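Here is a short note on the model, point by point. Please read it with the coordinates open.

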Amino acid sequence: MLLDIILDALRSAVLITGLVVVMMMLIESVNIDSKGDFFSGLKRSRAGQVVLSAFLGVIPGCMGGFASVSLYTHGIISFGALVAMMVASSGDESFVMLAMMPQKAWWIFLLLFAIAVAAGLLTDLIWRKGSPHAICSEEFSIHEDDLQKGNERHGRHISWKRVLMFLGVALFIAALLTGQLEHEDHAGVPDTGVVNLLSEEWMYWLFGALSLIVLGVLVFGSDHFVEEHLWHHIVAKHLPSVFCWTFGVLVALGIALQYLDIESWINSNTALMILLATLVGIIPESGPHLVFVTLYASGIVPLPVLLASCISQDGHASLPLIAESKASFFRAKLINCAVALTVGFAAMLLL
């Protein structure tokens with residue numbers, strides 16, 4: 001049993017770390033290729049940051065959330081934008097909602113997006129401390145060598161760091177597309193036989209394609225870009241921290257949940273269920289929250305309980321944030337839970 005927990009945590013940690021690293025590399029590449037112009041406009045518009053981050057959060061799964069965390073830790077989006085992502089994101093439970101109640105799921109996602117934008121804008125209005133602050137000391141910076149004309153065509157050699165990163169990304173693509181990193185099938189999700197372009201499998205194929213772009217960057221990028229931006233900044237600085245924290249948290253949660261039967265806490269008290277759903281949402285894991293989706297789809301609990309659960313939890317999306325800034329994680333989670341309780345109890349009174 002313990003071995004199964006460790007193996008599951010290891011598979012999830014590799015998947016999460018791989019997705020985070022690939023997105024960081026893509027963001028770094030776009031930033032350098034555009035000489036920093038791509039993100040400069042976004043930095044000037046807090047409203048734009050919030051809307052973009054809420055959109056990334058509402059995308060089913062955790063991939064969009066990882067992107068928002070990467071942008072936040074590098075000072076590109078604000079704290080309010082981070083909160084917007086966490087409010088909008090429902091983790092892997094989004095896939096279950098799309099499978100079990102597709103029509104209702106789209107309305108719930110739209111409602112979550114609207115709540116997330118409002119929460120993000122309000123947070124930035126209250127938490128206004130100048131421009132977005134980079135947690136990572138290096139940020140997504142432009143070096144003098146990056147501004148030299150034709151730099152991408154010169155100074156390119158096959159180094160062990162370039163080869164190691166290329167092999168690592170190639171193995172990640174292979175594992176992703178062959179299903180070696182997939183989550184276990186969610187219980188109770190019907191197989192409709194219909195191709196769903198927002199399914200977890202199609203998301204893996206999408207990120208497999210994006211990872212191929214990273215392979216191209218590793219082949220054609222200059223030595224300076226590969227060594228300084230990709231190796232020293234992302235692989236050496238971020239990868240170990242993200243992997244170790246993600247793996248450690250998932251192992252601890254896996255062991256704890258063996259002795260914690262959340263489903264046995266369920267009763268017919270809506271107010272208590274809202275509070276319980278919000279508290280369970282603090283767990284940075286996809287799985288415990290599935291009970292509320294299943295109970296709502298079965299008609300056992302009302303919509304306010306599901307809303308509180310969706311707003312409070314964000315699946316694995318916040319795990320990289322724990323590795324980068326625990327203070328930001330706890331502040332964002334506190335606001336996240338406050339929004340979940342406010343919306344949940346307001347909906348209970350109105351519906």
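1. Phe292 sits in helix H13, residues 290–297. Helices here are DSSP runs of H or I, at least four residues, numbered from the N terminus. Phe292 has a relative accessible area of 0%, so the residue is buried (under 20% relative accessible area, 1.4 Å probe, protein chains only). Its C-alpha atom is 7.1 Å from that of Ser309, 17 residues apart along the chain.

2. On provenance: this is a predicted model, where local features need pLDDT of at least 70, side-chain atom pairs count only at pLDDT 80 or more, and totals for chains, interfaces and linings use all residues. Residues are numbered from 1 along each chain as its sequence is written, and side-chain values use heavy atoms, leaving out hydrogens and water.

3. The count of salt bridges is 5 (a side-chain nitrogen of Lys or Arg within 4 Å of a carboxyl oxygen of Asp or Glu). One of them joins Asp124 and Arg46, at 3.3 Å from N to O. Asp124 belongs to helix H7 (residues 102–126) and Arg46 to helix H3 (residues 46–58), so the pair ties together parts 78 residues apart in sequence. Asp124 and Arg46 are both buried.

4. Arg162 and Asp223 form another salt bridge, with closest N and O atoms 2.7 Å apart. Arg162 is in helix H8 (residues 160–177) and Asp223 in helix H10 (residues 223–235), 61 residues apart. Both Arg162 and Asp223 are buried.

5. Asp314 pairs with Lys333 in a salt bridge, closest N and O atoms 3.0 Å apart. Asp314 lies in the loop between helix H14 (303–312) and helix H15 (319–324), and Lys333 in helix H16 (residues 326–350). Asp314 is buried at 1% relative accessibility, and Lys333 is buried at 4%.

Key:
Helix = DSSP H or I, 4+ residues; strand = E, 2+ residues; numbered from the N terminus. Buried < 20%, exposed > 50% of the residue type's maximum accessible area, 1.4 Å probe, protein only.
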